[in-house]
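Have the model open as you read.

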Amino acid sequence: MDKQNLLLLIEASLSNDASRNHNLSHYLDGIEHKPGVAEFFFDLVGDNSLKAPVKLFVAVYFKNKVKKHWNINGNDSWELQQKQISPEEKASIKSKFVQVFLANCQDNKVSQLLCDTLYLILQQEIDQWDQLTNDTLQLLHSKDKYEYVYSGLLILKTFMRTQRWSLGDDRRRLDLIVENSFELLESLMDDLVSNGLDDTSASNLIYQILKIFKYATFTSMPQYFIRDIGKLEKWVSYQLTIASSESSPSLMAIDVDRRTVDPRSKSQKWAFANLCRLIGRYGGGKSMSREAHLNQFCELVTSNFAPEILTQVFKIASNWSQKPESHWLSQKSLYYLIFTIHQFVNGPYNWKLVQPHIREIIAHLVLPNLLPTDDVVELYESDPDEYYKRYIDFGNSTTTANDAAVNLLAGISEDKLKQIYSNTEDLVVSCFTNEKNNPFQVEASLRVLACFSLQLNQSDWDVEGIVKVTLPYLNAKEYPFLQTRACDLITCYGAGIRDLNLLSEVFQGLLKNFQQDDDPLLILLGAEAITVLISRPEVSDSLRPHINSIISKLLKLSNEYEFEAVSDIIQAFVSEFSAEVQPFALQLFTDLNENFQRIMKEMIDNRNDTDKEYQGIGVLDTMLSIVNSSDNVDHVTRLADIFRPTVLCTIQNTLDMFLVEVLSICETIVSKTKQVSQALWDVYMELFDSASYYFIPDVCQPFWEACIIYGFKDLNFKSPQVQKAIEIISNAELFEDYPRVQYELLSQIILACDVGPVIPDILKLSNTSEPCIHIEIALSCLVTNPQLTVSNIDLTQFLPLWMNNQKKNPTVFDVKLQILALISLLGLDGLSVIEQVKDELTLKLVQLLETLPETMRKRQELLDSLENAQEDDFEYEEDEEDDLLRETILDNVDVLSKFKQFNSTGLITVSQERLRNLQ
């Protein structure tokens, strides 16, 4: 390989000349398969004569070469195997790794790339590279050579990173390196911490050491600390010292963005983070380790370290609040500081340590971190989407002090609020009566009240009093962000308004905010607050004539912004005003469909955009509510035509994140219209044509069953829809994890149309499955083709199997299926097996008919419960609920009439008394 030519090509490519890039790419493709190319590039990384951009390119290439070709196995393609790095080349690279690392330790970009490459190698070679450990420890012994120590720490950190998830016996390797290295790290920390924390180089070493501690203790505690808790005490002391260190004038002299990434601030952040994790997992926090062998260790940490850590945390928080110039903390340091207190609040042991200080926590830590800044107000005006994600939508959490404060309040609200609210209420509400308090303070107080809303709403608290103090801010036009926050608080507490005059005032304020056109966030939050009130006649009667324009405005908002809540708000209006929505339901569905198609196209280009995903699901849920609220069959059928291209695009582009909602809409359209339109047959065929790469049985089952129930009745065995169903359902690989779904669908197909030609194959297939599955399939076959079925099963074995495997809680379908199967069996002439047990089968038939009304009552009870009650107001397991509610082909079959007709043939004898009971 020609080194000089390669370097010239790299330099030329860095000039942004496309033709020169092609020359380099062609050259690299030509040498990629040659032996020794990885080591050749690795040696170039160690060549300090290279220019920085060239070396960076070389380091990137080496990393990618290792990633793609270090670990090649026999199952990989021949082409890949030609490019693999040979064992001899690997050994040579490993022997020179520390030397090359030392040559680049001052270049942050290259050293990071080498760390990333080392991580890739260690994942494969960690058991075959003892020399790396020895060399690393040797570097750490060289305390007088900064570059040696720094390189040793980076290598050790990478080693720990590869082992951070190890548990049990797999931790022996990590425990060994901790035993060999942590005393060296302690010696370093003694010098670094005692000599002051204002030195950037020293802080850089501290930062690396704290990251090593993080990885070493990430999932469990090393034996080094379990065996001697005094050693852990040292590390707690180091980190408390770092966390509580003052901000030097030199640090405060640089701007906040640079200050945040300064090694001094990063070291402080990781000190807080490690202490937070220590309390959370081992010191009585809410994420306490459940490893039995750590019980005694956790007790020691909880009793020996937790109180001191909390004392120091309070002291740090007080200094930050009262002396910000000398005790500045970055946003992430504040996040971990507050989160540490959160661990104490919601842990099982340490609430008593926090409770006496809760007033100071809210006053000096929580409220200040909820205060908006000028930058936040600017964000409100310039980027409503980002403001909504960061300061309104509770689901978008970040590692900021603002989010930590909100989460802490939510933690307190879970079960501690009654214990502390009377002692802290004045801190929160005083700003509403104090004219000196500025709008920022009001905003912070409103956010505290919002966090406490769940508990305060469930108590006998004066909710209307909270609404009254909020009311003036609904109309604070000079502070739009405050109006928006006031709307949010009405969303939290508005349901508790009983005073009609207050209700009217609140509603008028919300309506004015919603009706303005300049502030999307105020429109959004105003509308959301109104949805809390729309069940009140005083509100709904006022809105009813304007529902079309209200929803149109919300649709416009949804098209222009990525507010996830818009779909829920539209859905609430559609559900409440379903009659008023009917005249323009088609147009509304069309508009929503176009909105979703826009989202869908963006998702095709970026499938990892979770915000877009949630927004799209919200739009689909709203479309489903429109289908559910529509009673016009012709309209619903037209909805299928509108929706067809959207569903096909979803399937063809494998947008499985939307599949559940998309198919739910299709299934609901079929169930509403009691037919399968051509548009939905197109969806059906496209879905099953894609089955080899896309079919998800339990997701597709409801739509497929609806098509079977309402569409197969007009088809025959040779219809393409039936043939496709048989083809898919016979694919055992597709249903490997879903055998129940496979046979439930097969049962419905058998009952829906004549599949006589494949009944022998079906029975043979089902006979290899669980007894309950085989029974259901055989009974379905008996109902539709009894003569063919009995010729393909052994009744002497099947009848006992059936009778001995009765379900404890049969569904309506189970009972009806058995009744119809028994009628078919008892109607067969000349079968000696049947004649021998005819009386028993007749008795079973009558018993099933007698239990049917109660089974149907249970189903109706569950349906009523779902409509009128809370989720846990009825006593059924989830699987039982699914079975009871499942729509089947037999739902509309009158089995009692069929029994009476069969009984009239005289083939069976039933007493008159029992017949009267069946009337």
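**Cysteines and a helix pair**

Cys666 counts as buried, at 0% relative accessibility (buried means under 20% relative accessible area, exposed over 50%, partly exposed in between, with a 1.4 Å probe and protein chains only). This is a predicted model, in which local features need pLDDT of at least 70 and side-chain atom pairs count only at pLDDT 80 or more, while totals for chains, interfaces and linings use all residues. Residues are numbered from 1 along each chain as its sequence is written, and side-chain values use heavy atoms, leaving out hydrogens and water.

**Cysteines**

- A disulfide is taken as a pair of cysteine sulfur atoms within 2.5 Å, and by this rule the count is zero disulfides.
- Cys666 is in no disulfide, as the nearest cysteine sulfur, in Cys707, lies 8.2 Å away.
- For Cys105, the closest cysteine sulfur is that of Cys115, at 11 Å, which is too far for a bond.
- Cys105 is also buried, its relative accessible area being 3%.

**Helices α16 and α17**

- Helix α16 covers residues 263-282 and helix α17 residues 295-304 (helices are DSSP runs of H or I, at least four residues, numbered from the N terminus).
- The two pack at an angle of about 125°, with axes 9 Å apart (axes are lines fitted to C-alpha atoms over the stretch in contact, and angles run from 0 to 180 degrees between N-to-C directions).
- On the α16 side, Leu278, Arg281 and Tyr282 meet Phe297, Cys298, Val301 and Thr302 of α17, where contact means heavy atoms within 4.5 Å.
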